[in-house]
Amino acid sequence: MTVHDLLIDEQASPVADLDRDLATAVGPSVSGDPEGESDEGRTRWGLFQVGVLALPVIVLAVLAWTHRSMFLDGYIYLHVVQNVLAGNGPVFNAGQRVEVFTSPLWMFILSVACFVSPLSLASTAVDLGILFTVAGLTLAVASSARLVRRSKPDTFLVPLGAIVFVAVSPVWSLASLGLETGLMFLWLGSCLAILVTWAGAERRDVPWWGVVVLGLGPLVRPELGLDTLVFVGVLLFVDSAHRSRRRQVGLVAWAFALPAAYEIFRMGYYGMLVASTAVAKEASLPRPAEGVRYFFDFVTPYWLVVPAAALLIGAYLPLSEAMRSRTGATRNRVVLLALPTAAALNAGYITLMGGDYVHARLLIGPFFAACAPVAAVPLARKFVVSLVVVPWAVLCAFTLRSSDNSVWSTSVFVVAEGHGNIGAELSGWGTPAATKVWLSPSGTYLQMSSHTTPTRLQEPPAPGLSTPTVATYWVGQGPFQLGTGVRILDLLGLGDPLDAHMKLTVRGHFPGHEKPMPTPWIAALLTAPGSSPNQIAQLELQRPGFYTPLIPDTAGRALAVQTSWARAALDCPTIHALEFGPDRPLTVSSFFSDMFHSVSETTVRIPPDPETAYHQFCGPGTPAQVRAAEA
């Protein structure tokens, strides 16, 4: 059989029971060949087909391994895992119930894996990310092949959509990094496999466990809830005429059972409707201009308009047309478009909300979803336009890169470039032996620059503050290295309820990290009443320039007065409950109380100016400690 034969063979008959056997799904039938072939020839041809489809999966596995690394945010997950394994629960600081992670499902899987794995926490996280990424692409290729063969059963398949995905260099590093990205690929690949199986079983529903998997989106990442709505919507509306109302309700119940159960847990355990990270990053405040910039920062360097147009014209459109005359056309065509529709909604939401500070990280999921249904494409005349992606992929993989090619650059967006090393970078915290030196004697510490060791504050600690406490903007590898015995005050709000709930008075230049804690609040939280904030003010001069202050910086007497206002505001019932409420012991009573107050706790915002905050939550007047500071 020649390439010419493959290109003109478009009228062959379907293969019986195609969906029952994965080998049949990826291996071409040659029954339409008029010259016939021996069993041995068909076997060799089938193995060749499998090898071709597996090639991008193998390449991705190699590239992900050679670019494996841990990223700053990955250490946040690992620090929570440290607390879980220490018996403190899914928290960042022992005794403080704050949800600092984005993916509850990744947090759960990582905790279980680290409990049973003999490897280090970092190695376990990185290896799982790579394994999940490779598994996700494998499912996508196999499922795409099954879907395509329903309309082109005898045509040789080439993994063009998979090649497009693998050719983009950020994928290689984002496959690991200790983050939930690999889990996202695995979930999307699983969803495609479930939907493809459903599309091939006329008048049969997805089993309950499959519906549960489709509903896991918001537990993988919050914005993947949009994908879940699309997938569940497909099941609800395509067969609505053949399904009773009771079965429709049952389908929805299975889909959202686990997300609803976790939401109840979140409301009672953390006292919030959403994770603290969503509040700190103001995930519901649109920022479309910044989002468009983020979108094109991903699309432009890799010329993604080329493969997008090639796959649309050369794969999606002819596949959709070819499915029209086949059995189960409606289901198959809907499944073909389900993931790209979810990808468009997801990318649109991310763009509307302003994107992220890491290059490509939030758009890599929609990118995978857009490539997955056409991960395998027929090598036939009607699909010839899709072959344009092959020279593009070679060019992209070897030459096209983001202009931001350093770990920390002047660009707003950070490129996470894996380097094959998963050891924790010290980042100014020092070796374990060194940390014992600067942590002795125990006290309060402040770190403004990632390249300096935290400085011990000379003023006595605030009443009730456990020591040692380190206040820092860098809550990644440093807290992970220190372990669970040191309390961390996160000055960007991901792990601190007060800072997370600061009102965003000015949009910052660093997406998702726009709430650097004002100096008066730092001094009020760390030092005792009557203490001078001057040392903190001096250290604040080292604050990175890419963080935009929420209020103007002050010094001297003006800062002392602001600090007194901040101490007084911390005693206001609402602010006190917000900052110190997560520290109280968990009881049945507190669980239901937190559930009841979760709406108000989530929506409340604290003015960053301490005096304004005091008047808003405590009322008019001037407290005695402020009058003393003004004297």
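The structure is a predicted model, in which local features need pLDDT of at least 70 and side-chain atom pairs count only at pLDDT 80 or more, whereas totals for chains, interfaces and linings use all residues. Residues are numbered from 1 along each chain as its sequence is written, and side-chain values use heavy atoms, with hydrogens and water left out.

Ala 360 is placed in the loop between α17 (329-353) and α18, where helices (H or I, at least four residues) and strands (E, at least two) are DSSP runs numbered from the N terminus. Although Ala 360 is not a glycine, its phi is positive, at about 75 degrees. A positive phi, of about 50 degrees, is also found at Glu 282, likewise not a glycine. Glu 282 is located in the loop between α14 (276-280) and α15 (288-299) and is buried, its relative accessible area being 6%. A further backbone feature is the cis peptide bond from Thr 467 to Pro 468, with omega near 0 degrees; Pro 468 belongs to the loop between β4 (455-456) and β5 (469-472).

Helix α18 (residues 364-371) is mostly covered, with 7 of its 8 residues buried. The buried residues of α18 are Ile 364, Gly 365, Pro 366, Phe 367, Phe 368, Ala 369 and Cys 371. Helix α23 (residues 519-526) is also mostly covered, and 8 of its 8 residues are buried; among them are Trp 521, Ile 522 and Leu 525.

Two packed helices are described by the angle between their axes and the distance between the axes. Axes are lines fitted to C-alpha atoms, for helices over the stretch in contact, and angles run from 0 to 180 degrees between N-to-C directions. The axes of α6 and helix α9 (residues 181-199) come within 7 Å and cross at roughly 20 degrees. Helices α6 and α9 are therefore roughly parallel to each other, given that angles under 35 degrees count as roughly parallel, over 145 as roughly antiparallel, 65 to 115 as roughly perpendicular and the rest as oblique. The crossing of α6 and α9 is left-handed, a term that applies if the near helix is turned anticlockwise from the far one by less than a right angle, with right-handed used if clockwise. Contact, defined as heavy atoms within 4.5 Å, is made by residues including Phe 132, Gly 136, Leu 139 and Arg 146 of α6 and Phe 185, Leu 186, Gly 189 and Val 196 of α9. The residues of this contact divide into 11 nonpolar, 9 polar and 1 charged; Ala, Val, Leu, Ile, Met, Phe, Trp, Tyr, Cys and Pro count as nonpolar, Asp, Glu, Lys and Arg as charged, and the others, Gly among them, as polar.

Within helix α6 lies Gly 136, which counts as buried at 0% relative accessibility. Not counting residues up to four places away in sequence, Gly 136 touches Phe 185, Leu 186, Gly 189 and Phe 368. In the loop between α6 (121-149) and β1 (157-158) is Arg 150, a buried residue with a relative accessible area of 13%.

Helix α7 (residues 160-167) and helix α19 (residues 389-398) pack at an angle of about 15 degrees, their axes 9 Å apart. This angle makes α7 roughly parallel to α19, and the crossing of the two helices is left-handed. The contact involves Leu 160, Ile 163, Val 164 and Ala 167 of α7 and, among others, Val 389, Trp 392 and Cys 396 of α19. The residues in the contact of α7 with α19 comprise 10 nonpolar, no polar and no charged.

With a disulfide taken as a pair of cysteine sulfur atoms within 2.5 Å, the count comes to 1 disulfide. It is formed by Cys 572 and Cys 618, whose sulfur atoms are 1.8 Å apart. The torsion about the S-S bond of this pair is about -130 degrees, so the disulfide is left-handed. Cys 572 lies in the loop between α25 (556-569) and α26 (573-580) and Cys 618 in helix α28 (residues 610-618), so the pair ties together parts that are 46 residues apart in sequence. Cys 572 counts as buried at 0% relative accessibility, whereas Cys 618, at 34%, counts as partly exposed. Cys 191 is in no disulfide, the nearest cysteine sulfur being that of Cys 371, 16 Å away; Cys 191 is buried, with a relative accessible area of 0%.

Technical notes
Buried means under 20% relative accessible area, exposed over 50%, partly exposed in between (1.4 Å probe, protein chains only).
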